[in-house]
Amino acid sequence: MSQLKDASLELHRKLQGKIEVDIKQPVTSQEDLRLLYSPGVAEPCLQIKEDLNKVYDYTWKGNTVAVISNGSAVLGLGDIGAEAGLPVMEGKAMLFKAFSGLNAIPLVIDAQTPEDIIAFCEMVAPSFGAINLEDIKAPECVLIEETLQRSLSIPVFHDDQHGTAIVVLAGLINACRLVGKALPDTKIVISGTGAAGSAIIKMLYAYGARNLYATNSQGIISTTQAYEDDAVVADLCQYLSDDLEAQTLQDLLVDADIFIGVSIANLLTEQDIASMHKDAIVFALANPNPEVPYDKAIKGGARVVGTGRSDYPNQINNVLAFPGIFKGALSVYATEINASMKLAAAQAIASLITEEELSETYIIPSVLDPRVVDAVSNAVAQKSIETGVAKED
């Protein structure tokens, strides 16, 4: 770990960041200046003034995403603040460019209230084709995204919620295919009801799952409680089932087919996994240390195990989703990224694993698989057209 720390710090210091701004055409003559800046630049300005949609023709808007964060929930690090979160947002922008070819601009902001974050996003939206919200704490992140989706006419996507949910669903589609179970018929237990957990529950429900149970730090979520102090959990109750006899997460796991953890490390033991149904599927995604270690899950009898780590098989990584999702949405100038588009993305990712390739240690493509972005992009673009949110087809 010390070697990794030193190498990473040295590389970041050497690069002084991971992205930079470049120009598309050299400026080497008076003619270049005349056409690209003054006085020529007035012409596209006037065209856009007459028809705002022409901003996509004459500027970078249609190929550029804002990556916006206040650093309040940086993965594995917590509330570290805007400046400390900037390396992560630069990294996100780097991945956008590397995998989808999209420009992405990291904007870390010194704002703590949902109202301030919403106002900032609304003010900068004219410059961007889409907004990727990143590492904003729950439950505020849910309110922020929902508000912006209503107020803006460009896609707003909180990757910690939906990117995770999309890749989880893709992995589960293939894991169930491998073990011969119909995903909608399985008993699914989710640990964690924050940004990722809430989105996973909603996405699984949209896919047809109805036997869903959830826990958080307060215990089992009961559909009979009001949860007046937590609007996110209160909203989740409509998607969940009740086990009136269960008192703990361990109780819920008995005879469960699937466990999904997006919570904290070392919640479960080998014996807990052994209590699950035959051919159990375990996605223990807490990072860097999962809810149950990979080896213990296997020893406990899990047939398929996924983690958030790259040093074990079946890494559930958002990079499989967000570059293609944004590329597809922007390719048709979509006004939103809706539930149908998210389901299409998950199914596209899952479809890349053939029956011959499918195995306990290969249920989801590598993030470096060159097929992923185009498969997701094409599926998302097509679904945006079908659902009527594309401005151009």
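Trainee: Which element gives the most to the lining of the second largest pocket?
Mentor: In this predicted model, 23 residues line the second largest pocket. The element that gives the most, with four residues, is β2.

Trainee: How do the residues of that lining divide into nonpolar, polar and charged?
Mentor: The pocket holds about 710 Å³ of space, and the residues nearest its centre are Val21, Asp22, Ile23, Trp60 and Asn103. The lining as a whole divides into 14 nonpolar, four polar and five charged residues.

Trainee: Is Asn317 buried or exposed?
Mentor: Asn317 sits in the loop between β10 (304–307) and α14 (322–331). Leaving aside residues up to four places away in sequence, Asn317 touches Val167 and Val367. Its relative accessibility is 18%, and the cut-off for buried is under 20%. Asn317 therefore counts as buried.

Trainee: Which backbone atom does the side chain of Asn317 reach?
Mentor: The distance is 2.9 Å, and a polar contact requires N or O atoms within 3.5 Å. The atom reached is the backbone nitrogen of Val319.

Trainee: Which strands stand at the edges of the open sheet of six strands?
Mentor: The order is β7-β6-β5-β8-β9-β10, with mixed pairing. An edge strand here has a single partner, so one side is left without a neighbour in the sheet. The strands at the edges are β7 (219–220) and β10.

Trainee: What is the bridge partner of Gly261 in β9?
Mentor: Strands β8 (residues 258–261) and β9 (residues 281–284) run parallel and are joined by four bridges. In β9, Gly261 has as its bridge partner Ala284.

Key:
Residues numbered from 1 in each chain as written. Predicted model: local features only at pLDDT ≥ 70, side-chain atom pairs only at ≥ 80, totals over all residues. Heavy atoms only, no water. 1 Å grid on protein atoms, 1.4 Å probe; cavity = no way out; pocket = protein on both sides within 12 Å on 5 of 7 lines; lining within 4 Å. Points joined across faces, edges and corners; volume = space filled by probe spheres on them. Helix = DSSP H or I, 4+ residues; strand = E, 2+ residues; numbered from the N terminus. Nonpolar A, V, L, I, M, F, W, Y, C, P; charged D, E, K, R; others polar. Buried < 20%, exposed > 50% of the residue type's maximum accessible area, 1.4 Å probe, protein only. Polar contact = N/O pair within 3.5 Å; in protein donor to acceptor, adjacent residues only side chain to side chain. Contact = heavy atoms within 4.5 Å. Pairing = 2+ DSSP bridges.
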